[in-house]
Amino acid sequence: MNTAVIVSGAVFSFVATLVILLAAAFVLSVLNLIFALRSIIYRKSYPSYAVKYDSSKVLTVAVFVPCKGIEEKVDVYLKAMLTQDYPSYRIYFITESESDAATPLIRSLIEKYPYAYGVISGRAVQNCQKNHNLLAAINEELKREDKAEVFVFADADVKPGKTWLRDLILPLSDLNVHATTAFRWLKPEKFTFWGTMHAMLSAYLGTLMSSSDGMWGGSMAIKRDVFLKYGVDKRWAKAVADDISLMEIIIKNKLKRIFVPICLAESSNVINDPKALFEWFLRQVQYLKIYCKPHWIAAIVFTGLNTLTALGLFVCFFPFIVSFCIWQTYAMLFYCLILIFFLMILSLSRFEGKEGQNYFVWFLMALPALLMGFSCLIASIFRKDMIWRGIRYGINKDGTVSFVKVERENG
C-alpha cells in the first residue's frame, strides 16, 4: 500500500478524533456549566425562598448522633449540637458498646446537659452498625409519652452552626414537606493532595444535592409520622445505609424533600490516605448502585464521558502541536482554551467558594479528582460487598445485608 495513503489515512483519523473530542468537550462544558449554575443559583436564592415557611411554628425534635471513637475536635462538634438556638429538642448519643472511646465524653455531656441521653446499642448482626445504633435510640424515643414530632440525624464529625437545627427543620412547617437534608463542606487545615481530593469529591456530592432527591445522613430530618408510615425503620433494620436507603423510599413514594444549603456543616476531618479515600468514595457509589440504580448508571455515563474526553484531550495535545501547530498558532490557542475551559467548568461544578477552598488549586486537581471518581464507579461494577469502619457487609440484590463480619476492631 502506498505510504502516502497510509499517512493521509492516519492524519484523517487523528483529525476526526480531535474534532470529536473538541466537540464533546464543548457540549460537556455546557452541560457541566448548567449543572454548576443550577446548584449555585439554588444555594444563593434559598434564603429568599425560605421566607414562605412558618418560622413561628415550634416542632419538638429528637436528634440522633451515632458515635464511634474519638476523632479530632469531636468534643467541639458535639457541644455545638447541644447549644443550638432552638427551644425544644433532645439529643441521643449512641455508641456500640460501653468500651467505645467516645463513652466518657458522652457521659460528661449527659451530666451537663439534661436534654442529652446516652444509648448503648450492641453489635449489629443484620444491618450496618450505624443503622443499628440509630434504631436503638429511636426505640428509646418511641417509648416516651412526649414523642418528638421530628427526627433529626447527624454525624459526630461535623460542626453545625448555631441555627443549624432551626434552619434544617424550618421547611417541615409546611404540611407538604416530608423531609429535609443539608450537607457538609470540608475545610482542610492545610493543603494535602489526598485531603484536597477528598474535599473536591465531597463538594461534588454536595452539588448533586441541589439537583436530585439525595439525602445525607450527617444532617437530615424527617417527620416522625412519615418515618413510621413509610417503614423507614423496617428498611434500616436490614440495610447497609441510612441516607441512600431513605432516598430510595422518598423517590419510590414521591415524597417531598427539601435541600437546605444554609445548613452546611463544617468539618476538617479530611482523608489523607489514598486507599482509605478510594474505599470511602467507592462506598458512596455502591450506595447508589444498591438503592438508586438509575442514578448510578447516569453517574457512570456522565462521569465516563467527562473522563474520556479530558484524557483524550491531554493525550492528543502534544501530537496536535507537533503535527499541526508549528504554523497554526491560532489553532493551538483554540485547542488550549477548550482544554482549560473544560477543566475550569469541571472545577466549578465542585466548588462552593467557602473559606479554605482555593479555586486555582481545585482547577489543578480537577483531572485527578475526576479520575478517582471514575475509577470508583468502574470498581463498583465488580464489588459485591462493602467495607465500612473495619466491618465487611455482604449485600443482597434487594439491598438487605446478608452477613456482617468484623475485620478490624475500632475501624
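User: How do you know that the span of helix 4 (residues 129-142) agrees with what its 14 residues should give?

Analyst: This is a predicted model, and the check is on its coordinates. At 1.5 Å a residue, the 14 residues of helix 4 should span 20 Å. The end C-alpha atoms are 20 Å apart, so the two values agree.

User: What is the partner of Lys130, and why is the pair called a salt bridge?

Analyst: The partner is Asp155, with the closest N and O atoms 3.0 Å apart. The cut-off for a Lys or Arg nitrogen and an Asp or Glu carboxyl oxygen is within 4 Å, so the pair qualifies. Lys130 lies in helix 4 and Asp155 in the loop between strand 4 (150-154) and helix 5 (164-169), so the bridge ties together parts 25 residues apart in sequence. Both Lys130 and Asp155 are buried.

User: What about Glu96 and Arg123: is each one buried or partly exposed?

Analyst: Glu96 has a relative accessible area of 12% and is buried, because the limit is under 20%. Arg123 has 40%, which falls between 20% and 50%, so Arg123 is partly exposed. Their side chains meet in a salt bridge (3.0 Å, N to O). Glu96 sits in the loop between strand 2 (89-95) and helix 3 (103-112), and Arg123 in the loop between strand 3 (116-120) and helix 4, so the pair ties together parts 27 residues apart in sequence.

User: How many salt bridges are there, and which residues are linked in a network?

Analyst: The count comes to 13 salt bridges. Arg90, Glu141, Arg144 and Asp146 are linked in a network of them. Arg392 and Asp385 also form a salt bridge, with the closest N and O atoms 2.9 Å apart, and both of these residues are buried.

User: Why is Val30 called partly exposed?

Analyst: Its relative accessibility is 34%, between the limits of 20% and 50%, so Val30 counts as partly exposed. Val30 is in helix 1 (residues 3-49). With Phe26, Val27, Leu31 and Ile34, Val30 forms a nonpolar patch on the surface, and together they have about 450 Å² of accessible area.

User: Which residues have the most contacts inside the largest nonpolar core?

Analyst: They are Phe64, Phe153, Ile222, Trp236 and Val240, in a core of 72 residues. Helix 10 (residues 274-291) gives the most to this core, with nine residues. A second, separate core has 38 residues, including Val61, Leu105, Ala156 and Cys263.

User: What does Phe153 touch, leaving out residues up to four places away in sequence?

Analyst: Its contacts include Phe64, Leu134, Ile138, Ile222, Phe227 and Trp236.

User: What share of the protein counts as buried, and how many helices and strands does its secondary structure come to?

Analyst: Of the 411 residues, 53% count as buried. The secondary structure comes to 13 helices and 12 strands. Among contacts between residues at least 6 apart in sequence, 78% join residues at least 24 apart. The protein exposes about 19,100 Å², and carbon and sulfur atoms supply 64% of that area.

Terms used: Residues numbered from 1 in each chain as written. Predicted model: local features only at pLDDT ≥ 70, side-chain atom pairs only at ≥ 80, totals over all residues. Heavy atoms only, no water. Core = buried A, V, L, I, M, F, W, Y, C linked by side-chain atoms within 4.5 Å. Buried < 20%, exposed > 50% of the residue type's maximum accessible area, 1.4 Å probe, protein only. Helix = DSSP H or I, 4+ residues; strand = E, 2+ residues; numbered from the N terminus. Contact = heavy atoms within 4.5 Å. Areas by Shrake-Rupley, 256 points an atom, 1.4 Å probe, with all protein chains shown as cover. Patch = residues over 30% accessible without salt bridge, like charges linked within 9 Å, V, L, I, M, F, W, Y side chains within 5 Å. Expected span 1.5 Å × (residues − 1).
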